[in-house]
Amino acid sequence: MIVAPAMSFRSPAQTARKQRGSRLELANPSAWPLVQRTLILIIISLLPFLNPIHVLAQDKPDTPDLLDKSLEDLMSIEIDSVSSASGFKQKVTEAPASVTIITSEEIQRYGYRTLADILRNVRGFYVSYDRNYSYLGVAGFGLPGQYNNGITLLVDGHRLNDNIYDGNLLGTDFPIDVDLIDRVEVIRGPNSSLYVASAFLGVINVITKRGRDLQKVSGAGEVGSYGTYQGRLSYGNKFNNGLDLLLSGSSYDSRGQDQLFFKEFDNPATNNGIAVNADDDQFHQFFASASWGGFTLHGAFGSRDKGIPTASYGTIFDVTGTHTIDARGYVDLQYDREVGHGWNLANRTYYDQYNNDGTYVYDYSDSGGPSRVLNENFAHGKWWGDEVTLSKQIRETQRLTVGSEFVDNFQQNQGNYDLQPFVQYFSDRRTSNTFSVYAQDEIHLRRDLILNLGLRYDYYSTFGGTTNPRAALIYNPWTKTTFKFLYGQSFRAPNMFELFYDAPGNEANPSLRPETLKSTELVWEQSFANHFRMTASGFYYPIHRLISEQVDTADGNAFFTNAGSLNLRGLDVSLWRSFPGGLEGTASYTFQDAVSPGAQVPVTNSPKHLIQAGISVPLVKQKVFASMDLQYLSKRATLAGQYSGAYAVTNFTLFTRNIFKGCEVSAGLYNVFNQDYADPGGNGLAEDTIPQDGRNFRIKVGYQF
């Protein structure tokens, strides 16, 4: 997270600069096998919808199964309840948003390795990777290099966005082991009435397991392609005195790809474009949670060290010293109790720390300096905060929630310097704070009609105050049919990097204003049978005062400014079906159109078409599962005015549990057909597209003692 983020749009000059060497993917006849393979895999995933008769004839399991429950019963239990949309647990059909829930069962069956793996399979979401960080795209908006600052990422309700880039870590840098995830709640659209800033395009809440979910001591070990090894050791228990305790530690080491080819460096002076042993990746993670009475304590720390093979920001190509270290930690204490007269009090006090340290190897010999110089770039942040929420159920028809939050960013430091000889280029030390108050009211106007209203005011010491409302009308005309009419206002405050980064080649702009968004969305949720559901939605997200990077023609320096607007619009539909015995299938299609009014070039990294599909088949009842998932993305514009080609990637996982008591085994084959594909690169990279991994594997063994 250093030096310069991706530009929001390409200028005509940029487009002309790299016009030669264009790949016209639409004219490529080799695209036909891709289309055929994609259609075949989608049809396989749709088999549960197309031919249910044989499957329904299966014997039901001897023990009760969630899949045997009716929709009404299913919506009332925890796994189909959501807490992130309104700040309290409610049925997903009553949540004022379009909601997706991914369970720990799905994570195991489909062999997801990181949070990025989980999110790339969520309807309408896509993930790009530049061989260092993973970037999430939502509603066609996924600029490479923007560090995911358009979403709010939570762990057990604790906000993970840092206080320098306002960014989120989604890959191996995410500080929580996926084995500890109970479920992931994805709330689409703006939710600024509850979450300060960054809930611009949605909220992702990762709910972790509790000590009672683990059987005392458990562990897992895995081995994979590219010299990858990972291990986890955990302890969990709920004691007779009511104390619930979970402790866990994880370690990961990957050599990465031995050789990566980048055509932009294809000449003898740079090893013919081959970066050797420059893709390594290591992390260490620790997590603890304890709850007793009305108190809950969470603590997490993760540190990842990633080699950078792309020679970003003009560094020397094919060296092993360029890397970044991201360390993220927090402690969060919550207290919840009834205070009388039907009011419930919840208080959260927390402390957070984020460090990003990058080392970059430069050659200054052209200007008479040394041929090897280590440049250090850092961003260090510390902050604490407190949030108080009061809620009351008023009769059976209304639930009122009010709250306030204060955040003290007592360290927001950035800097850039050469180590030897020492040269200080940029040093900036700042503090800031925010104060927020909010209210939300859920009113049951009739048995089949809910009105949800929310209002939030935030004051930022960096730019002042902003007020954002939200409204939802939820109509349930029939037992298995729900319509949601959603409107929301949101904003994204300029972060410290955009406001004040002033290293050579960059200019600070303290006068930046927040981006704003006013969204409209219509959602239709339909159940056709107890275990057959459909969700369809249409959305319109106009973004104004978009913060984008411009170049000063006088000195060539880059700076951030509020320039232009962006309209995000589209529709999506998804189907989900399951059967007693464990067979389930899902498929979704998203059309999205991101347009900048008046611009002559398409928006970077914005595919118009997304297809996601998955099928999980029980081979031995509740013990052995074979699962397949598919992600298809249409072509995407790049910064150089070209296109990265459309692709379809298929993954296959075989998962077993309790073949031997307490033992779980997972074997995953990723990118099964060895699809050659690439993601658009961001600003600061010589590469217009970044090649992704081919066919690779993972074998994982877990045991509960």
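Tutor: The model is predicted, and a search of the whole structure finds 32 salt bridges. One of them is between the side chains of Arg131 and Asp279, with an N to O distance of 2.8 Å. Arg131 sits in the loop between strand E4 (125–129) and strand E5 (134–138), while Asp279 sits in the loop between strand E14 (274–276) and strand E15 (281–292), so the pair ties together parts that are 148 residues apart in sequence. Arg131 and Asp279 are both buried.

Glu498 and Arg492 meet through their side chains at 3.0 Å, N to O. Glu498 counts as buried at 5% relative accessibility, and Arg492 is buried with a relative accessible area of 1%. As for shared partners, salt bridges join Arg131, Asp279, Lys306 and Asp693 into one network. The side chains of Arg430 and Asp428 form a salt bridge of 2.9 Å, N to O. Here Arg430 is partly exposed, with a relative accessible area of 31%, whereas Asp428 is buried at 11%; the cut-off for buried is under 20%.

For context, the protein chain has 705 residues, of which 58% are buried. Its secondary structure comes to seven helices and 40 strands. Of the contacts between residues at least 6 apart in sequence, 64% join residues at least 24 apart. The accessible surface is about 28,600 Å², and carbon and sulfur atoms account for 57% of that area.

Strand E3 (residues 99–103) is one of the strands. Five of its five residues are buried, so E3 is largely enclosed by the rest of the structure. In a regular strand, side chains alternate between the two faces of the sheet. In E3, Val99, Ile101 and Thr103 point one way, and Thr100 and Ile102 point the other way. E3 runs antiparallel to strand E8 (residues 181–188), and five bridges join the two. Within E8, Val186 is the bridge partner of Thr100.

Elsewhere, an open sheet of three strands has the order E25-E29-E28 and mixed pairing. Its edge strands, E25 (506–507) and E28 (547–551), each pair on one side only. Strand E29 (residues 558–562) pairs with E28 in the antiparallel sense over five bridges. In that pairing, Phe560 in E29 is the bridge partner of Glu549.

Methods:
Residues numbered from 1 in each chain as written. Predicted model: local features only at pLDDT ≥ 70, side-chain atom pairs only at ≥ 80, totals over all residues. Heavy atoms only, no water. Helix = DSSP H or I, 4+ residues; strand = E, 2+ residues; numbered from the N terminus. Buried < 20%, exposed > 50% of the residue type's maximum accessible area, 1.4 Å probe, protein only. Contact = heavy atoms within 4.5 Å. Areas by Shrake-Rupley, 256 points an atom, 1.4 Å probe, with all protein chains shown as cover. Pairing = 2+ DSSP bridges. Salt bridge = Lys/Arg side-chain N within 4 Å of Asp/Glu carboxyl O.
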